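The sequence and the structure come first, and the notes follow.

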Amino acid sequence: MQRRLPRKTLPHNAMLCASLIAIATISGCKSSPETAAETPADASVLQEAALDRVEVSGSRMKRADLERRQVADAAKGNLAYAPPPPPAPAMAYAASGSGVHLRVAPAYVQAEPGNTEKYADRTDNPVHRTSEQPVSTFSVDVDTGSYSNVRRMLAQGVRPPADSVRAEEFINYFSYQHPAPANRNVPFRVTTELAAAPWSGQRQLLMIGIKGYDVPKATLPPSNLVFLIDTSGSMDSPDKLPLLKQAFSMLVPQLREQDRVSIVVYAGSAGLVLPPTPGDRHEEILAALDRLQAGGSTNGGDGIQLAYAMAKQSYLKDGVNRVILATDGDFNVGTVSQEALETLVGDQRKSGIALTTLGFGQGNYNDSMAERLADVGDGNHAYIDTPQEARKVLVEEMQATLLTIARDVKIQIEFNPALVSEYRLIGYENRLLNREDFANDKVDAGDIGAGHEVTALYEITPAGSAANRLPALRYGKHKPEAAGDANELAHLRLRYKLPGADNSRLIETPILRSSLTAQPSQSLRFASAVSAYADLLRGGTHVEKWSWNDVAEAARGAQGEDRYGLRKEFVELVGQARQIVSNEGKTPAIAGE
């Protein structure tokens with residue numbers, strides 16, 4: 001009979017060891033060589049279980065390396081590591097040559113994953129002295145993902161990280177009813193408005209509006225769409241794959257017989273769920289979406305390659321060819337380098353296939369990658385946080401997303417130093433172009449779709465104003481000489497290419513000092529409130545003494561016709577942001593990195 005050791009002499013992990021080797025003897029079971037032989041097999045089982053869990057959960061590779069080391073220790077007899085139990089009950093029966101044994105799985109508590117959301121570093125555009133740098137050049141941007149992503153964080157009571165706030169995407173989230181072109185000879189119309197800045201009467205705001213011609217949905221050319229859907233383990237959350245499936249289900253009823261749809265998924269590897277299928281087979285497409293389940297690691301590079309291959313297979317020469325990538329952006333196996341993915345997407349763009357990215361979820365959302373891939377892929381980026389946002393992006397605005405009416409659209413403003421002392425472009429920090437890029441048709445820029453609006457704001461300081469932000473230069477000219485028309489505040493140039501064209505066209509228009517209005521339009525007032533809101537979220541360094549209450553009051557007074565309640569919601573978000581940022585001295589939680 002085995003002698004029982006005194007309790008005080010038990011090793012530190014004796015209780016855990018006892019749990020692992022506890023055996024309920026059934027029908028007079030006795031120990032046998034087969035029992036001892038189970039140890040190596042058990043170690044391999046432990047390893048497989050650990051690796052399976054890493055794959056299914058989409059955890060990062062560091063965690064996988066740690067668990068492999070712990071598994072190796074367990075195989076050597078150090079049982080301090082216990083792999084996570086499967087979803088089934090913690091007890092399992094195992095057969096051996098001498099009978100059936102009851103194994104008791106060890107307890108395992110998995111720590112909550114940390115927030116690994118990623119946002120590209122951003123620094124606000126600086127104030128420029130016009131006499132030193134009179135020309136400002138940037139690419140247009142129709143993305144809106146930053147606004148809805150920040151809305152998601154505020155709804156959760158979390159202060160967004162400053163780098164998640166892109167002012168131009170906040171501004172362009174809303175429609176300002178810019179005038180449309182009279183005909184399609186020129187795909188869009190450019191308008192400007194000049195008024196006093198609401199936060200400083202000594203400065204002015206210049207609003208530039210671009211409106212593309214609209215096309216009825218029924219007259220859209222045939223579309224060749226590839227839904228590229230992330231089905232990795234990291235997408236196993238209600239705000240990810242389930243919401244994604246619901247979002248795409250809203251798009252399907254709009255598809256027509258002449259359209260083609262493919263569905264490609266990627267997890268540990270990429271796969272084809274639905275080959276190119278006529279768009280009017282709605283039930284077949286919806287059934288393929290409904291079957292999708294999350295599991296595995298995230299090999300986004302392979303998925304993108306397969307998606308482009310399917311798009312090329314069904315390429316429509318005179319139609320719309322687009323890959324729609326839906327993901328949380330947590331690529332952790334295969335091609336994980338953002339630079340390599342950008343090169344891949346950039347190469348495919350030249351074949352006439354655009355890339356739209358739709359972001360989902362939280363905790364590990366890679367905003368930086370999703371936004372940048374859409375930029376490189378001649379597409380747009382949106383973030384879907386609610387079914388309402390899904391309808392806005394995939395139903396109400398889909399024709400603008402699908403049909404590109406102008407490519408590589410660039411804006412260049414030359415300010416007159418005799419009338420403008422300083423200027424600052426609000427937002428578009430990652431869309432800035434070199435001065436020489438404007439006339440270089442080899443340089444890529446943003447695209448405009450049917451019915452799209454683009455809005456940009458400049459804050460300018462008139463010459464002679466006491467509101468200059470830059471100190472006077474000791475050796476600089478004190479009074480620049482006027483050039484050209486003395487009434488010209490600035491000169492606007494815009495370049496664009498028609499779809500399929502290699503050479504750009506030029507639009508020019510002067511901006512006159514006499515256009516200054518004492519009564520800014522409702523659109524300018526609301527846009528200025530949105531820009532101030534973005535600035536306050538980033539720290540409030542450019543809006544003087546304007547407060548959250550000032551922003552809310554300005555927006556409330558400029559709501560106007562609000563068909564979908566988006567402007568009313570904005571006013572509510574301003575109140576939520578004010579409460580979070582000024583939470584009585586408490587340090588608010590900040591999402592992401």
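In α4, residues Y147, R151, L154 and A155 meet E569, F570, L573, Q576, A577 and I580 of α15, where contact means heavy atoms within 4.5 Å. Helices (H or I, at least four residues) and strands (E, at least two) are DSSP runs, numbered from the N terminus. This is a predicted model in which local features need pLDDT of at least 70 and side-chain atom pairs count only at pLDDT 80 or more, while totals for chains, interfaces and linings use all residues. Residues are numbered from 1 along each chain as its sequence is written, and side-chain values use heavy atoms, with hydrogens and water left out.

**Chain overview**

- The secondary structure of the chain comes to 15 helices and 19 strands.
- Of the 593 residues in the chain, 51% are buried; buried means under 20% relative accessible area, exposed over 50%, and partly exposed in between (1.4 Å probe, protein chains only).
- Taking contacts between residues at least 6 apart in sequence, 80% join residues at least 24 apart.

- Helix α15 covers residues 566-581, and its 16 residues should span 22 Å at 1.5 Å a residue, which agrees with end C-alpha atoms 22 Å apart. The expected span of a helix is 1.5 Å times one less than its number of residues.
- R567, F570, V571, L573, V574, A577 and I580 are the buried residues of α15.
- These buried residues pack against α4 (145-155), α13 (522-537) and α14 (548-556).
- The axes of α4 and α15 are 10 Å apart, and the two helices pack at an angle of about 55°. Axes are lines fitted to C-alpha atoms, for helices over the stretch in contact, and angles run from 0 to 180 degrees between N-to-C directions.
- α4 and α15 are therefore oblique to each other. Angles under 35 degrees count as roughly parallel, over 145 as roughly antiparallel, 65 to 115 as roughly perpendicular and the rest as oblique.
- For α13 and α15 the packing angle is about 30° and the axes are 11 Å apart, so the pair is roughly parallel.
- The crossing of α13 and α15 is left-handed.
- On the α13 side, Q522, F526, A529, V530, Y533 and L537 meet R567, F570, L573, V574 and A577 of α15.

**Strand β4**

- Five of the five residues of β4 (residues 135-139) are buried, so the strand is largely enclosed by the rest of the structure.
- V135, T137 and S139 point one way from β4, S136 and F138 point the other way, and all are buried.
- β4 pairs with β13 (residues 404-415) in the antiparallel sense over five bridges; two strands pair if DSSP finds at least two bridges between them.
- T137 has Q412 as its bridge partner in β13.

**Six-stranded sheet**

- Six strands form an open sheet with mixed pairing, in the order β9-β8-β7-β10-β11-β12.
- β9 (270-278) and β12 (381-383) are the edge strands, each pairing on one side only.
- The twist averages 15° from one strand to the next.
- β7 (residues 223-230) and β8 (residues 260-266) run parallel and are joined by seven bridges, with V264 in β8 as the bridge partner of L228.
- Helix α6 (residues 241-251) lies across β7, β10 (320-327) and β11 (354-359), and runs at about 170° to β7.

- V393 is found in helix α11 (residues 387-396) and counts as buried at 5% relative accessibility.
- V393 is in contact with L358, A382, M398 and T401, leaving aside its neighbours within four places in sequence.
- V393 and A382 are 11 residues apart in sequence, with their C-alpha atoms 7.4 Å apart in space.
- Y176 sits in the loop between α5 (167-171) and β5 (188-197), and at 1% relative accessibility it counts as buried.
- Leaving aside neighbours within four places in sequence, Y176 is in contact with I171, E453, T455, S523, F526, A527, V530 and R567.
- Y176 and E453 are 277 residues apart in sequence and 7.9 Å apart in space, C-alpha to C-alpha.

Terms used
A crossing is left-handed if the near helix is turned anticlockwise from the far one by less than a right angle, and right-handed if clockwise.
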